[in-house]
Amino acid sequence: MAGREDWWYDEAAGPLVRPYAMVRGRTRPLRPELHLVTQVRAMPSPADPDALSVEHMEIMELCRRPLSVAEVAAYLDVPLVVVKVLLSDLIQRGDVVIRDPSRVPQVPDRNLLQAVLDGVRGI
């Protein structure tokens, strides 16, 4: 039988801290543009590291190199919506930057692409 200090952990289920506790009951991210493929990169140093939760610091550590939102959720092993809420906090603070690779500003001209291809073939 587990001691009183182990009340928060269940052998079969793991930690009993619910995801909503990590985000203080918030269920929607402030940044709706966060998609599965959105790339996240941490800034070199957080503005005020003492104000960050453990989960925020884990994200900052993970995102030293660019990762997608889906990858961050997988590495932390928490639901996607929790990661989006935590990332929204970090974006608002200026601690991470995002880039959505699925939103290409303009598709290159077909003639230009053909000219490049012809040039490469000519080499």
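This is a predicted model: local features need pLDDT of at least 70, side-chain atom pairs count only at pLDDT 80 or more; totals for chains, interfaces and linings use all residues.

Trainee: How many helices and strands does the chain have, and in what order do the elements run?

Mentor: There are five helices and five strands, and from the N terminus they go β-β-α-β-α-β-α-α-β-α. Helices here are DSSP runs of H or I with at least four residues, strands are runs of E with at least two, and both are numbered from the N terminus.

Trainee: Why is Val83 called buried?

Mentor: Buried means under 20% relative accessible area, exposed means over 50%, and partly exposed is in between (1.4 Å probe, protein chains only). Val83 has a relative accessible area of 0%, so Val83 counts as buried. Across the 123 residues of the chain, 26% get that label.

Trainee: Where does Val83 lie, and what is Val83 in contact with?

Mentor: Val83 lies in helix H4. Leaving aside neighbours within four places in sequence, Val83 is in contact with Val69, Val72, Ala73, Leu76 and Val78; contact means heavy atoms within 4.5 Å.

Trainee: What makes a set of residues a nonpolar core?

Mentor: The members must be buried Ala, Val, Leu, Ile, Met, Phe, Trp, Tyr or Cys, joined through side-chain atoms within 4.5 Å. The largest one here has 20 residues, and Ile59, Val72, Val83, Leu87 and Val96 touch the most other members. Strand S3 (39-42) and helices H2 (54-62), H3 (69-76) and H4 (80-93) each give two or more residues. H4 supplies the largest share, six residues.

Trainee: What does Val96 touch?

Mentor: Not counting residues up to four places away in sequence, Val96 touches Val40, Arg41, Ala42, Met43, Met60, Leu87, Leu90 and Ile91.

Trainee: How do you know that the buried residues of H3 line one face?

Mentor: Those buried residues are Val69, Val72, Ala73 and Leu76. Down the axis of H3 they fall within an arc of 100°, so they line one face of the helix. The arc is taken from the directions from the helix axis to the C-beta atoms.

Trainee: And what do the buried residues of H3 pack against?

Mentor: They pack against S3, H2, strand S4 (67-68) and H4. Just after H3, Asp77 takes a positive phi of about 60°.

Notes
Residues are numbered from 1 along each chain as its sequence is written. Side-chain values use heavy atoms; hydrogens and water are left out.
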